[in-house]
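Look at the sequence and the model below.

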Amino acid sequence: VSLTAVSSREVLAADCIEGRWDSVLEAASSLSLSKQLAMDLFEHVFLEMLEMREIETARMLLRSAEALATTMRTEFESRYLRLERLLTSDSFDGADAYPGGASRDVRRKYIADALGAEVSVVPPARLLALLSAALKWQ
């Protein structure tokens, strides 16, 4: 079941801004994100992996993340080919890599804001309360 709810929008935003992509991607895996936001998120993580010279991780992300490998490759081929070109480049140039000439931190803030706009906050015990009520009236 995919939802668009998290227990804390602030924690998700802070994880984005601080670059804790393992936490962000874990949270995103259970969310129903728009195609555009999913592509932006995975593209940014890909670019940060390249910036840290984690070439194999970036390659795996580009070839296996559905937002990049399937959606971007078929619907936005020129955008996908730009990522392939960056992957094979000898050096990383942030001005060339980040869309619109934005910096890494600006892109992190943009993604944090976009995620915050798309997700809802649900208290952690909400499902338990709903199940209890259902059992009561069963």
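The face of helix 4 turned away from its buried side carries Glu56, Met60 and Ser64, which are exposed. Exposed means over 50% relative accessible area, buried under 20%, and partly exposed in between (1.4 Å probe, protein chains only). This is a predicted model, in which local features need pLDDT of at least 70 and side-chain atom pairs count only at pLDDT 80 or more, while totals for chains, interfaces and linings use all residues. Residues are numbered from 1 along each chain as its sequence is written, and side-chain values use heavy atoms, with hydrogens and water left out.

**Helix 4**
- Helices (H or I, at least four residues) and strands (E, at least two) are DSSP runs, numbered from the N terminus.
- In helix 4 (residues 55–64), the buried residues are Ala58, Leu61 and Leu62.
- These residues are on the same side of helix 4 because they cover an arc of only 95° around the axis, taken from the directions from the helix axis to the C-beta atoms.
- Helix 3 (35–51), helix 5 (66–75) and helix 6 (77–88) are what the buried residues of helix 4 pack against.

**Arginine 53**
- The loop between helix 3 and helix 4 holds arginine 53.
- Arginine 53 is not a glycine, yet has a positive phi of about 65°.
- Most residues other than glycine have a negative phi.
- Arginine 53 counts as partly exposed, at 42% relative accessibility.

**Arginine 79**
- Helix 6 contains arginine 79, which counts as buried at 18% relative accessibility.
- Leaving aside neighbours within four places in sequence, arginine 79 is in contact (heavy atoms within 4.5 Å) with Gln36, Met39, Asp40, Glu43 and Met72.
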